[in-house]
Amino acid sequence: MNRNTMRQMQQLQSKLEKAQNELNDMTVEGTAGGGVVTVVMDGHQNIRSVSIAPEAVDPDDIETLEDLVLGAVNDANTRAKELAANHLGAITGGLGLPGF
C-alpha cells in the first residue's frame, strides 16, 4: 500500500470513530398504542428512557401493556439502526464495509 492510501485509510478510520461517538448523543423515539408507550434509544441501540401513559396501565390486562412496550422497543430499535446506517453511510460513502 502506498502512503496516500494509508493516509486515506487513517482519515476514514478517524471519521468513523468520530461518527460512532456522535451516535451516543443522537436519539430516536419509538412508540406504540398511538403514543401511550414511548421508548427513547440512542444511535447505539441503548434504551435511554421508557414512558408509559397512565391510561396504558390496566392491572387486569398486563399482556397488552407488555405488547405495547415490546412494540415501542422494536420501533425504536428499527429507527436507531436506520439512524446509524444513514450517519455512518455518509462517511463510508457506500464502501460496503462489514458492520456499517
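This is a predicted model: local features need pLDDT of at least 70, side-chain atom pairs count only at pLDDT 80 or more; totals for chains, interfaces and linings use all residues.
Start with strand β2: Val37, Val39 and Met41 point one way from it, Thr38, Val40 and Asp42 point the other way, and all of them are buried. Buried here means under 20% relative accessible area, exposed means over 50%, and partly exposed is what lies in between (1.4 Å probe, protein chains only). In a regular strand the side chains alternate between the two faces of the sheet.

Numbering runs from 1 along each chain as its sequence is written, and side-chain values use heavy atoms, with hydrogens and water left out.

Now for the neighbours of β2. Strand β1, residues 27-32, pairs with β2 in the antiparallel sense over 6 bridges; two strands count as paired if DSSP finds at least two bridges between them. If you want a landmark in that pairing, take Gly30, whose bridge partner in β2 is Val39. The β1–β2 hairpin has 4 residues between the strands, and Gly33 takes a positive phi near 65 degrees there. Val28 also belongs to β1, and Val28 counts as buried because its relative accessibility is 13%. Between Val28 and Gly93 there are 65 residues in sequence and 23 Å in space, C-alpha to C-alpha.

β3 pairs with β2 too, in the antiparallel sense and over 5 bridges. Here Val40 stands opposite Ser49 of β3. The hairpin of β2 and β3 has 4 residues between the strands, with Gln45 at a positive phi near 65 degrees. That's a positive value in a residue other than glycine. Gln45 sits in the loop between β2 and β3 and is partly exposed because its relative accessibility is 34%.

Next, the charges. Side chains of opposite charge can pair when their charged atoms come close. The term salt bridge is used for a side-chain nitrogen of Lys or Arg within 4 Å of a carboxyl oxygen of Asp or Glu, and the count by this rule comes to 3. Asp42 is buried because its relative accessible area is 3%, while Arg48, with 47%, is partly exposed.

Helix α1 (residues 3-23) holds both Lys18 and Glu22, 4 residues apart, about one turn of the helix. These two form a salt bridge with their closest N and O atoms 3.8 Å apart. Lys18 is exposed because its relative accessibility is 55%, and Glu22 is partly exposed with a relative accessible area of 29%. In helix α2, Asp75 and Arg79 are likewise 4 residues apart, about one turn of the helix, and their side chains meet in a salt bridge at 3.1 Å, N to O. Arg79 is partly exposed because its relative accessible area is 40%.

Finally, the surface patches. They are made of residues with over 30% relative accessible area and no salt bridge, joining like charges within 9 Å and nonpolar side chains (Val, Leu, Ile, Met, Phe, Trp, Tyr) within 5 Å. The accessible areas come from the Shrake-Rupley method with a 1.4 Å probe, and for residues only the protein chains shown count as cover. Ile47, Val50, Ile52 and Val57 make a nonpolar patch of about 320 Å². Val50 is found in strand β3 and is partly exposed because its relative accessible area is 43%.

There's a negative patch as well, formed by Asp58, Asp60, Asp61, Glu63, Glu66 and Asp67. The place of a charge is taken as NZ of Lys, CZ of Arg, CG of Asp or CD of Glu. Asp61 lies in the loop between β3 (47-52) and α2 (62-92), and counts as partly exposed because its relative accessibility is 31%.

Notes
Lys and Arg count as positive and Asp and Glu as negative; His and the chain ends are not counted. Helices (H or I, at least four residues) and strands (E, at least two) are DSSP runs, numbered from the N terminus.
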